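Open the structure in your viewer and keep a selection tool to hand. The stops below say what to select next and what is there.

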Amino acid sequence: MSSDRPVGALLTIKRRIPPARPGAVRRAHLEHRLRAAGTPLTVVVAPAGWGKTSLLSSWAADPGAPTRVAWVSLDEGDDESTRFWTYVLLALRETDDEIGSAALDAVAAPGVDPIALALPLLLNELATSDVPHVLVLDDFHTVHDPRIHESVEFLVTYLPAALRLVIAGRADPPLPLARMRARGQLTEVRADDLRFSLDEATALVGTVSGGDLDHEEAAEVWQRTEGWAAGLQLAGLARRVGGAPTGAAHRHGADRHLLDYFAAEVLPAMTAHQRDLLVGTAPLDRLSGPLCDAALAVTGSAQVLRELDRADLFLVALDDDHEWYRCHHLFRDILLHGSGRSETADRATLRRAAGWFQDQGRNDDAVRHLLAAGDPASAADLLASSEPVFLSRGGAAGFRALGELLPRSAVAPRLAVSLAYASATSGRLDLVPHWLDRCDEGIAASTATIPGWSSPPAASMMLRAVIGTPDPESARAVELCRQAVELESAAGGDGLPIALAALGSALARDGRFAEAIDILVTTWRDRDSMAWSPGVTLQIGGNLGLSLLELDRGAALEALLREAVPLADDAERRWGHAAGPLVAMLRLVQGRHDYRTGDAEKARDRLTRAATMAEIAALRTSFVLALVFLADAELGCGDRAAARATVTRVRETVDDEPVTPYAMRLVDQAQTRIGQIAARSARRSGVLAEELTDRELSILRLLPGSATQREIGRAMFLSVNTVKAYNKSLYRKLGVASRQDAVVVARGLGLI
């Protein structure tokens with residue numbers, strides 16, 4: 001298994017339960033409520049300053065044995081699905097080494113959508129666990145990507161008994177809370193619940209101020225702050241420095257009033273070093289001694305941070321060693337929006353911080369800080385030069401997400417090509433045309449170059465053929481590849497080997513196997529001198545194997561398999577379940593060869609697995625080929641019913657999502673050879689063994705119509721992969737294998 005993770009993205013501190021502040025007031029009744037909650041989902045929702053994180057971190061330190069708590073502190077930089085789920089899975093694995101490993105490999109593998117593979121793997125692992133786990137997602141309001149929201153809803157929908165989810169943020173998460181509330185599946189902690197009681201307020205103000213309050217003063221502070229934690233904290237500080245605590249901490253008119261008091265009373269009471277550090281580093285999300293030294297061009301920041309931490313002055317420690325901190329969200333907002341701030345100084349601070357992150361090998365953070373500093377050109381240059389590091393460590397999705405933050409003018413053709421490739425390898429084929437269009441615009445307007453190519457238009461054309469052309473347009477992909485070869489040859493030919501490999505693969509995809517073999521045999525022979533990635537090599541091997549198979553060149557095919565199968569085995573050892581995009585074609589060729597050489601049982605096993613890999617990886621044509629070959633293997637095993645069911649599944653697949661003309665020919669031949677299955681129409685009695693979810697029922701009601709899965713997804717604001725995942729569960733609950741059967745059974749049960 002691979003241990004590589006997306007470059008520069010995995011701060012350990014974000015997966016640590018924040019340590020409780022010294023002298024913090026325990027919210028015993030709320031901690032007991034959290035400990036006793038038996039619902040799968042808990043939400044803690046309130047505006048800034050109400051003590052959400054403090055409550056949860058105190059509770060998480062003792063959630064009740066034997067519960068294991070995984071914690072993720074989110075921020076705006078985590079608003080990308082691969083990065084988000086990598087953090088979640090690492091946090092879970094750190095609590096239990098039997099949870100999350102397979103899913104982590106799936107997230108990091110190229111071409112895989114997390115919801116398509118990683119989440120089902122995680123759910124399967126949790127379903128076998130007897131140990132209760134809690135996953136805490138703090139500051140969830142900073143995440144806006146609909147794909148993340150969609151995948152979290154999927155997790156909640158199928159949450160195993162071994163996992164409980166706790167989400168904290170300033171706003172309700174976009175989940176079906178009303179439904180869960182009605183079903184008793186939701187625990188809620190809101191601002192009214194977080195409001196400090198008089199006794200708690202007295203204890204907090206006394207602790208912060210360093211002295212006891214009499215009853216009258218305590219009651220006045222409590223009434224004016226309305227139990228608001230941030231107001232009580234500020235009242236305690238005011239009391240410590242001799243100010244008037246009550247008016248300063250009034251909850252109404254919050255930000256403006258706090259700003260005035262904070263600037264007039266609290267900041268002047270600090271030392272100059274403390275004040276300069278808090279004000280100067282306000283643009284930074286996280287703080288450490290070395291980072292602050294670099295960003296402010298000073299020394300001694302670590303000591304100042306420790307002083308602020310000990311004095312409980314607006315810092316939240318992020319690790320037990322108190323090396324990393326963040327400024328309290330509310331007071332950071334106040335500092336950032338205060339009068340007298342210098343945009344020029346803030347940008348200089350951010351640029352210096354970007355340099356520090358780059359020196360630490362954290363190029364993703366460096367790019368974000370350059371963008372925040374208003375320097376998109378430098379951010380784009382750094383991102384482009386970082387492509388090999390990102391892609392070699394499974395960071396294609398993060399690379400793509402950073403590219404999406406850049407303004408159009410900053411994306412040069414070289415970077416646009418890289419972003420198109422990263423989009424394809426991170427499961428976002430829908431974005432490939434966008435980036436290739438950007439590339440073509442840039443080429444037309446400049447003398448841009450693309451590394452490894454003599455002709456930039458040839459590079460763009462080749463990518464458009466390989467990853468930007470739909471399966472049904474396989475003939476067009478061939479023509480684009482031919483044009484790319486011609487352009488590259490005329491321009492000098494640096495990129496000719498990869499252009500020829502693309503042409504050979506496109507010919508195989510279009511069913512022109514003799515032409516494909518003429519090119520791919522040479523490409524395969526010279527693979528070691530090309531220094532291609534294992535993924536490219538395996539895809540060439542798979543397309544060559546299919547061509548040899550279809551032309552019945554058995555001896556040449558066996559020679560190829562002897563060389564290629566060990567590479568596929570190594571890829572599966574490295575990527576586990578997520579090697580599908582790389583090895584599916586080769587595995588289905590192996591299975592078909594087993595069938596032709598008389599081993600139908602081995603063929604059936606191998607083709608079943610190949611079909612699963614291709615389906616998960618959204619390789620539509622490979623999936624259909626695997627099913628067609630599987631139907632023959634099932635027939636060879638004497639299982640005619642299974643063969644008919646597989647053919648029905650194939651037909652439903654191609655009706656929903658068209659494939660290459662070559663694959664369609666095989667489907668038609670298989671239907672003629674095996675015959676279509678008749679829909680099961682026997683009436684079923686009783687009730688379902690497992691209740692359908694609201695999402696499943698909504699999808700079920702659309703199945704009798706002509707809408708494809710993609711059209712159903714658009715209607716329900718879901719991705720096609722999510723619709724497929726719900727359909728898979730729906731079919732299982734109904735005991736069917738096809739859409740047609742699902743409709744028949746559902747009507748028999750009165751569900752539609």
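A residue is called buried when its relative accessible area is under 20%, and exposed when that value is over 50%. The model is predicted.

**Stop 1: helix α24**

Select residues 432-445, which make up helix α24. The helix has 14 residues and spans 20 Å from its first C-alpha to its last, close to the 20 Å expected at 1.5 Å a residue. Now colour V432, W435, L436, R438, C439, G442 and I443, which are the buried residues of α24. These residues lie on the same side of α24, because the arc they cover around the axis is only 150 degrees. In an α-helix there are 3.6 residues a turn, so residues three or four places apart point the same way. On the other side of α24, A444 and A445 are exposed.

**Stop 2**

Go to residues 376-385, helix α20. Which residues of α20 are buried? They are A379, A380, L382, L383 and A384. The cover over these buried residues includes α18 (343-359), α19 (363-372), α21, α22 and α23.

From there, select α21, residues 387-392, and pick out S392. S392 counts as partly exposed because its relative accessibility is 45%. Draw a distance from the C-alpha atom of S392 to that of P534: the separation is 11 Å, although the two residues are 142 apart along the chain.

**Stop 3**

Select strand β8, residues 324-327. W324 and R326 point one way from this strand, while Y325 and C327 point the other way. All of these residues are buried. In a regular strand, side chains alternate between the two faces of the sheet.

Next, show the two partners of β8 listed here. Strand β6 (287-288) pairs with β8 in the antiparallel sense over 2 bridges, and S288 stands opposite W324. Strand β7 (315-317) also pairs with β8 in the antiparallel sense, over 3 bridges; here V316 has R326 as its bridge partner. Between the strands of the β7 and β8 hairpin there are 6 residues, and H322 takes a positive phi near 55 degrees.

**Stop 4: the parallel sheet**

Bring up the open sheet of 5 strands, whose order is β2-β3-β4-β1-β5 and whose pairing is parallel. β2 (68-73) and β5 (186-190) stand at the edges with a single partner strand each, so one side of each has no neighbour in the sheet. On average, neighbouring strands are turned by 15 degrees against each other, direction ignored. Zoom in on β3 (133-138) and β4 (163-169), which pair in the parallel sense over 5 bridges. L135 has L165 in β4 as its bridge partner.

**Stop 5: the largest nonpolar core**

Which residues touch the most other members of the largest nonpolar core? Among its 236 residues, they are F84, L137 and V152. Helix α34 (620-636) supplies the largest share of this core, 9 residues. Centre the view on F84 and show its contacts: leaving aside residues up to four places away in sequence, F84 touches L74, D78, L137, F140, V143, I148 and V152.

Methods
Residues are numbered from 1 along each chain as its sequence is written. This is a predicted model: local features need pLDDT of at least 70, side-chain atom pairs count only at pLDDT 80 or more; totals for chains, interfaces and linings use all residues. Side-chain values use heavy atoms; hydrogens and water are left out. Helices (H or I, at least four residues) and strands (E, at least two) are DSSP runs, numbered from the N terminus. Buried means under 20% relative accessible area, exposed over 50%, partly exposed in between (1.4 Å probe, protein chains only). The expected span of a helix is 1.5 Å times one less than its number of residues. The arc is that of the directions from the helix axis to the C-beta atoms. Two strands pair if DSSP finds at least two bridges between them. A nonpolar core is a set of buried Ala, Val, Leu, Ile, Met, Phe, Trp, Tyr and Cys residues joined through side-chain atoms within 4.5 Å. Contact means heavy atoms within 4.5 Å. Axes are lines fitted to C-alpha atoms, for helices over the stretch in contact, and angles run from 0 to 180 degrees between N-to-C directions.
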